[in-house]
Amino acid sequence: MREAAIDALPKMACDALPAGDHLVISISVRDQANQPVFHASLTLDARWQQ
């Protein structure tokens, strides 16, 4: 479950081009009782160097 959730993040990021320079994509996994058991996020922070 952990590996599948983490593996899904880059694939989700490819489908969500950021409108700005900051994007956070997250995924939560819940058990059969709908309780959260795992959370992972991927952050894109883009900026020009001065």
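Whereas a compact globule of 50 residues would have a radius of gyration near 10 Å, the chain has 14 Å. The model is a predicted one, and its C-alpha atoms fill a box of roughly 50 × 15 × 15 Å when the box is taken along the principal axes. Of the 50 residues, 16% count as buried, and the accessible surface of the chain comes to about 4300 Å², with 53% of that area belonging to carbon and sulfur atoms. Among contacts between residues at least 6 apart in sequence, 29% join residues at least 24 apart.

### Elements and pairing

The chain has one helix and two strands, and, read along the sequence, these follow the pattern α-β-β. The helix is H1, residues 2-15; strand S1 spans residues 22-30, and strand S2 spans residues 36-45. S1 and S2 run antiparallel and are joined by nine bridges. Two of the bridge partners are set out below.

| Residue | Bridge partner in S2 |
|---|---|
| Isoleucine 25 | Leucine 42 |
| Serine 26 | Serine 41 |

Between the two strands of this hairpin lie five residues, and in the hairpin asparagine 34 takes a positive phi near 65 degrees.

### The two faces of S1

In a regular strand the side chains alternate between the two faces of the sheet. In S1, the covered face consists of Leu23, Ile25, Ile27 and Val29, while His22, Val24, Ser26, Ser28 and Arg30 make up the uncovered face.

### The nonpolar core

The largest nonpolar core has eight residues in all, namely Ala5, Ala8, Leu9, Leu23, Ile25, Ile27, Val29 and Ala40. Helix H1 and strand S1 are the elements that give two or more residues to this core, and S1 gives the most, with four residues.

Methods
Residues numbered from 1 in each chain as written. Predicted model: local features only at pLDDT ≥ 70, side-chain atom pairs only at ≥ 80, totals over all residues. Heavy atoms only, no water. Buried < 20%, exposed > 50% of the residue type's maximum accessible area, 1.4 Å probe, protein only. Pairing = 2+ DSSP bridges. Core = buried A, V, L, I, M, F, W, Y, C linked by side-chain atoms within 4.5 Å. Rg over C-alpha atoms; globule rule 2.2 N^0.38 Å. Contact = heavy atoms within 4.5 Å. Areas by Shrake-Rupley, 256 points an atom, 1.4 Å probe, with all protein chains shown as cover.
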